[in-house]
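Let's take a walk through this structure, stopping at some aromatic side chains and then at a strand. Have the model open as you read.

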Amino acid sequence: MRVDFHGVTTPPDVFAGWAREVEEAGYDSLWMSETRHDPFIGLTAAALRTERVAIRTGLAVVFARNPMTTAMLSNDLQLVSGGRFSLGIGSQLKTHITRRFSMPWDKPAARMREYVRALHAIWDCFETGGRLRFRGEFYRHTVMSPFFNPGPNPFGRPRILVAGVGPLMTELAGELGDGFLAHIISTRRLLEEHTLPALRAAREKAGRSMEGYELHATPIVATGSTEEELRAEVERAKVEIAYYASIPSYAPVLELHGLEDLRDELHRLAHLGRGDEVVDVIDDEVVETFAIVGEPAVAAKKIHDRFDGIATSLAFFRQQGGTPEAWRPLYEELRKLQATAG
């Protein structure tokens, strides 16, 4: 299981400044989310400062841009990074797509399926110089003159990693993607009982195996070296769990763990506009279910127990981000544990 560094809300200049430090520390990949900043900018700057570490969006909100835009950005980042780029994509929520980005939202799984196929059609055109003739329900790309065609990428096309929670998006990720981005509140039980079987079935149906397929996990981690630090981190984790658990589309994850009452209470408080109270209903048992809690050695063991044999890569999650220095004790303990176990 690879260990990666994830910049969640980090400004691109800061992220670029960390890039070489992260690479020298031994992390396998650098991920950047599309939250407060465009991930392609931060990753481009990071790619120019590194030589080995993989460069990945985790995730890029593709419904906020059309397939041609994403194909061009990804092709250029694959070129700049020397073939180290992977495109991690997700749909985001309807409210954000329609009200923040002012873009259309309908049939998200079907739209994502077509989006991935459109990306490959565009990259095929780049590689072969052939005519671009993609006509779908949501996207049409039928013009590509030589002046706008960058030609074959010497490093090939990027791998596509698809984020999902529900069965339709998970099936799509297995069928058309090169990997799956598990949601932040994914548990081992969810991955074993639902995600992996769905991915395997989809790949088998598509005539593809699981060999080389990636499953990336990004668990919420609350760790600290002192009791005071750990207590503060647990409170932060409660806020993050409450946020994601209150989103209706993530309710099946709570239901799987028999937390229907928590689901209903979170939805009730959100509906009443009492979002500041949702943290109060997240107890320590819920935190242990969805987050990794403990001082670095304990947290490393919990990460290993939860994701070993399931995830191919993992990054520590904190909504407000985490510096390489802040994560260093946990990173070192996890690497030490992996070396012993391996």
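Start at W105, which is partly exposed, its relative accessible area being 23%. Bear in mind that this is a predicted model. F63, on the other hand, counts as buried, because its relative accessibility is 3% and the cut-off for buried is under 20%.

These two residues meet ring to ring: the centres are 6.0 Å apart and the planes stand at 75 degrees, so the pair is edge-to-face. They come from distant parts of the chain, 42 residues apart: F63 belongs to the loop between β4 and α3, and W105 to the loop between α4 and α5.

Now move on to F316 and W327, a tilted pair with 5.1 Å between centres and 50 degrees between planes. F316 is in the loop between β13 and α13, while W327 is in helix α13 itself, eleven residues apart. Both F316 and W327 are buried. Elsewhere, F5, W18, Y27 and Y331 make up one aromatic cluster. Over the whole structure, the search turns up eleven aromatic pairs.

Last stop, strand β8, residues 159-164, where five of the six residues are buried. β8 pairs in the parallel sense with β5 over four bridges, and there L87 has I160 as its bridge partner. β8 also pairs with β9, again parallel and over four bridges, with A163 opposite L181. Between β8 and β9 the chain passes through helix α6, making a right-handed β-α-β crossover.

Notes: Residues are numbered from 1 along each chain as its sequence is written. This is a predicted model: local features need pLDDT of at least 70, side-chain atom pairs count only at pLDDT 80 or more; totals for chains, interfaces and linings use all residues. Side-chain values use heavy atoms; hydrogens and water are left out. Buried means under 20% relative accessible area, exposed over 50%, partly exposed in between (1.4 Å probe, protein chains only). Helices (H or I, at least four residues) and strands (E, at least two) are DSSP runs, numbered from the N terminus. Two strands pair if DSSP finds at least two bridges between them. A crossover is right-handed if, with the strands pointing away from the viewer, the path from the first strand over the helix to the second runs clockwise. Rings of Phe, Tyr and Trp (its six-membered ring) pair if their centres lie within 6.5 Å; planes under 30 degrees apart count as stacked, over 60 as edge-to-face and the rest as tilted.
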